[in-house]
Amino acid sequence: MKTLFLIALASAWNRRLTLALSALSIALAVVLLIAVTRVRDAAQTSFAQAVAGVDLVAGPQGSPVQLLLHAVFHLGEATDTMRWQSYQTLAADPLVAWSIPLTLGDSHRGFPVLGTTPAFFRHLRYGLQQPLSFSSGEPFNGLFEAVVGAEVAARLGYRTGDMITLRHGSAHLDGHHDDHDHGAEHADMPFRIVGILLPTGTPVDRTVHVSLASLEAIHLNWQGGMPLPGLAISPQLATKFNLTPKTLDAVLIGLHQRTDVFRVQRQIADFTGEALMAILPGLAMDELWQLVGSVERSLQGVAWLVAGAGLAGMAAVILAGLGERRRELAILRSVGAGPRHLVTLLMLEGLTLTAAGLLTGLALVEGASYLFGPWISARLGLDLSTSAFNAAEFRLVASVFATGLLASLLPAWRASRMSLADGLVPRL
């Protein structure tokens, strides 16, 4: 076996350029397969970490996935709102340990603006139950104060003490803002940045946080999404109004005992004041992944097609090379090598080529994770630094290796059919 392996290596070295291209195609297929798996796992982890410690998300009745996307990931529009009095009733429940009211709808240079309370910074957790921390400054404690996420500060170059203005309406999906569009700008009531959060890899990084009262204040002279003509209210005058919000978009709830989660969920579903619902973030996340599961399966299907093409190319290269190696194989037959030895030789070549492609692909994946992982984490919130070679990836590699074994059977069988006379008698 050792001798055959050395012969296979020597033969492969003589055809190194052609075989290297085949190994590269296998490597790229492995990169695609593992990249799809790692990005999926990182996305699932990132989504789950965004609501760590939250037992329930309450809001108006509707789609659980839409409520989750709007309240946690700040995507989409709220289909309805819940009354402030309903929130107070929910927060006063003795089973509720803490609650965080949320209001969305405004934006700043493409980033969403979240209206909430200082409880957001005390109780919200991410990752492995890690609390929010500040790189500079502190939580807002008054009107017209803002706390920005790490990505907002980094991309816009903000520091504590800088002044910003909010824009009426949701953030653009592309993250850009038309500086010439001042029609919906709350330019008369600027905010001062009092805190910048450390990176979390969650939607918090891409959000501007202000108080609920501040959002009420900047909309005092607005109606129907437009400013009222001739009615100007200064920031000083706004403090004289009652700035208690009338409605909310959602509420994040933490319980004293997680065993009470279904009991509280039923209480909210049976709420008599208005039609409300409460969702378990984990279950809603599973439903979300079921919706996007077809995309994941499509990507994996494409990756397997690429892998199949690479392995088929490898088999074709080895098979095409048999014509040039007729004399080599005949000489091996003449010195005592039987069909079994030729089959073993060709399969060793195929497996060696497959192994080289697998190792190259794994090296490329690890190198790309190391080099581009921080950038991907900062821009997309996907933490690839914790990705490791796990059981799922081992199954992928084993499947590719087994497919490579099957692909090498055809040229091995063809070589075994070559006769000694075929190799020694030249063709005319």
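In this predicted model, helix α9, which spans residues 261-269, has V261, V264 and I268 among its buried positions. Viewed down the axis of α9, the buried residues fall within an arc of 70°, and therefore they line one face of the helix. What these buried residues pack against is a set of four elements, namely β1 (56-60), α4 (84-91), β16 and β17.

Of the 13 residues of β3, 11 are buried, so the strand is largely enclosed by the rest of the structure. β3 also pairs in the antiparallel sense with β4 (residues 111-116), over four bridges, and here D106 has V113 as its bridge partner. Two residues lie between the strands of this β3 and β4 hairpin, in which R109 takes a positive phi near 50°. A further antiparallel pairing, over two bridges, joins β3 to β10 (residues 167-168), where R167 is the bridge partner of S107.

The largest nonpolar core holds 35 residues, and V57, V72, I100, F120, L124, L132 and L252 are those that touch the most other members. Among the elements that each supply at least two residues of this core are β3 (96-108), α5 (119-123), β16 (250-255) and α10 (281-321). Leaving aside neighbours within four places in sequence, F120 is in contact with I100, L102, L114, L132, V204 and H209. A second, separate core of 22 residues includes A153, I196, L215 and I233.

Definitions and conventions
Residues are numbered from 1 along each chain as its sequence is written. This is a predicted model: local features need pLDDT of at least 70, side-chain atom pairs count only at pLDDT 80 or more; totals for chains, interfaces and linings use all residues. Side-chain values use heavy atoms; hydrogens and water are left out. A nonpolar core is a set of buried Ala, Val, Leu, Ile, Met, Phe, Trp, Tyr and Cys residues joined through side-chain atoms within 4.5 Å. Buried means under 20% relative accessible area, exposed over 50%, partly exposed in between (1.4 Å probe, protein chains only). Contact means heavy atoms within 4.5 Å. The arc is that of the directions from the helix axis to the C-beta atoms. Two strands pair if DSSP finds at least two bridges between them.
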